[in-house]
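Could you load the model in your viewer and keep the selection tool handy? We will go from the overall fold to a few selections.

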Amino acid sequence: MSSLMDVWNGIVSIFGSADMITLGIIIVIVLAAGFIMQGFESIVTTTVIALVLFGLAGYVRAVALTGKNAAALAESQFHGFLGMTMQTLLAYAIAFAIGIGIIHLVRSIVMR
């Protein structure tokens with residue numbers, strides 16, 4: 001049960017500690033992925049692609065705002081990704097999958 005609470009606290013911390021631009025990026029990616037997804041059978045694939053897009057959007061944002069060397073930032077971001085705990089990655093995956101599923105459900109109900 002404590003592992004489940006750890007994942008839940010990870011999900012809450014994603015939305016509680018992120019700035020408004022990061023939350024906006026998450027919302028745009030989840031909306032786009034929810035509209036593009038063909039059916040619920042592809043939720044895992046769509047979630048993985050959305051997470052990759054979120055990582056790339058964070059990288060582009062960091063390069064654009066800080067003006068740092070893109071290659072050095074890419075290397076440090078990749079090392080940060082390798083050091084990410086599985087609990088954090090699972091929390092992001094669950095949050096994205098739930099959001100994508102809700103958007104897809106609403107889209108499929110409205111489009112009928």
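Here is the tour, stop by stop.

This is a predicted model, in which local features need pLDDT of at least 70, side-chain atom pairs count only at pLDDT 80 or more, and totals for chains, interfaces and linings use all residues. Residues are numbered from 1 along each chain as its sequence is written, and side-chain values use heavy atoms, with hydrogens and water left out.

**The whole chain**

Start with a cartoon view: the chain has five helices and zero strands. Helices (H or I, at least four residues) and strands (E, at least two) are DSSP runs, numbered from the N terminus. The C-alpha trace spans about 50 × 35 × 25 Å along its principal axes. Of the 112 residues, 27% count as buried; buried means under 20% relative accessible area, exposed over 50%, and partly exposed in between (1.4 Å probe, protein chains only).

**The core**

Now select I26, I29, V30, A50, F54, F96 and I100, the residues with the most contacts inside the largest nonpolar core, which has 18 residues. Helices α1 (2-17), α2 (20-36), α3 (43-66) and α5 each supply at least two residues of this core. Such a core is a set of buried Ala, Val, Leu, Ile, Met, Phe, Trp, Tyr and Cys residues joined through side-chain atoms within 4.5 Å.

Zoom in on F54: leaving out residues up to four places away in sequence, F54 touches T22, I25, I26, I29, Y92 and F96. A contact here means heavy atoms within 4.5 Å.

**Along α5**

Next, select residues 86-110, helix α5. α5 has 25 residues and reaches 36 Å from its first C-alpha to its last, close to the 36 Å expected at 1.5 Å a residue; the expected span is 1.5 Å times one less than the number of residues. Which residues of α5 are buried? Color A91, A95, F96, G99, I100, G101, I103 and H104 to see them. Their cover includes α1, α2 and α3.

**The nonpolar patch**

Finally, show the surface of F40, I98, I102, L105, V106, I109 and V110, which make a nonpolar patch of about 680 Å². Patches take residues with over 30% relative accessible area and no salt bridge, joining nonpolar side chains (Val, Leu, Ile, Met, Phe, Trp, Tyr) within 5 Å and like charges within 9 Å. A salt bridge is a side-chain nitrogen of Lys or Arg within 4 Å of a carboxyl oxygen of Asp or Glu; accessible areas come from the Shrake-Rupley method with a 1.4 Å probe, and for residues only the protein chains shown count as cover. L105 counts as partly exposed because its relative accessibility is 43%, whereas I109 is exposed at 58%.
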